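I set out to look up how the chain is organised, from the overall fold down to the boundary between its parts. My entries follow.

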Amino acid sequence: MRSDSLTLTARYVFPVEGEPIRNGWISVIDGAISRVGRSYGLRPDFDLGNVAIVPGFVNAHTHLDLTPIAPQADREDGTEDEVRWLRRVVECRRATMPDESRQAVAKNIRASLDAGTTAVADITPAGLSWNAISDSPLRGIVYAEVLGLKRMRGIQTNSDAWEWIASLGIEDDGPTRRLRPGLSPHAPYSTAGWLYRRASTGKMPLSTHLAEMPEERVLLETRGGPLRDFLEEIGAWDDDWKPLGPSPSDYLRSGDLRKCDWLIAHGTYLHSAEWWALRPGLSERDRRVAIAFCPRTHARFGQRKHPYRPMLARGVIVCLGTDGLASSPSLSVLDEMRFLHRADPSLSGSLLLTMATLFGAWALRIDDVAGSIAPRKRADFAIVALPDRDEADPYTLLLDSDLPVVGTMSDGQFVAGPWTNP
Ligand SMILES: [Zn+2]
């Protein structure tokens, strides 16, 4: 076998752009897919057996520097109060040294690769995770977090973020880069409007937590409520703070913010009348705006039903993320898919896999190289063990199962699992 080429067969290949292929075959040359189709009994270099080959998962929202925070049942139904959880995150962050965070990043990159993830949208303080991710097989965007309602805090996080971006010395920030920097104003309740506006001046991709909980809208409308109590308690409230507007979506459409790419974490409490701001091509032609929905984090806090289905029906791109380990039991996008499938079995497997792969790739502007199994794209795959049964709908073999990801390929190289490249 030529060292720069390899061929794979599997019981199923799920190309995403196309129907599942039974007895699938994939040829890879120089790290790129050259052919995908049926095996027709040809002998491959690697017969992976009773598995599915799917595109590498795209984790559209995570914080790889965060460590687990044990769930607490604040309410009778066992769910947790999100504002109380925020207090625990702040305590945890204040007690964590940068070296500990870097160790968490290294561990969480490994866990992500083992879970079949090949691209991430990672949010981190001033590029903390950048070196480790750029040395890893992952592609995607590392967003530097900016936050602070108080002016001095905002100036500090803002200058840290911009200094980090300048230190990268990246001249061409085109989507051809494997890993790109971005900025993440944390959330309207924690981040002054000027920080959002400043973030929009860099022509960089942006991400934010938006309309995650009802308390945010209360704060924007009244400057009061539980979030204000929380901010006062941790010393983060500023009496002079004014929101960009009374609605979370004002943070997407004020001034140049309407021209930026946005990856919106959650978006649960955006009114349906505000969804137009999320539709590709409506507000600005080439702008990409997507929702990153994190099903298990969402369930932990017992928020209202997430509107991902009506959003999808109206043309909003909804991708899947795990969020960080502070709110999520694992960094596996497949676990998120299965959780959502159990909660909403009528959501088609095909759409669900697209949300976990191609939609995330689109939001990160890497859909020309990743997100589906198609000729000329990079050979980024997750290899998932399949149960020994047949199903009329092959997607249920992936979803009605607890069998794990058994291997991961990035750029045609095995990066997790028992196989090694020749
Ligand atoms: Zn988050």
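**Contacts and overall form**

I looked first at contacts, counting two residues as in contact if their C-beta atoms, placed from the backbone, lie within 7 Å. Among contacts between residues at least 6 apart in sequence, 70% join residues at least 24 apart. I note that this is a predicted model, in which local features need pLDDT of at least 70, side-chain atom pairs count only at pLDDT 80 or more, and totals for chains, interfaces and linings use all residues. Residues are numbered from 1 along each chain as its sequence is written.

I then checked the dimensions. The C-alpha trace spans about 70 × 50 × 45 Å along its principal axes.

**Domains**

I recorded domain 1 as 5-56 + 372-416 and domain 2 as 57-363, with bounds from an automatic or database domain assignment. Their C-alpha centres lie 30 Å apart.

I next examined the boundary, where 21 residues of domain 1 are in contact with 19 residues of domain 2. Elements giving two or more residues to the domain 1 side include strand E5 (51-55) and helix H14 (395-399). H14 supplies the largest share, 4 residues. Helices (H or I, at least four residues) and strands (E, at least two) are DSSP runs, numbered from the N terminus. I counted 14 helices and 16 strands in the protein.
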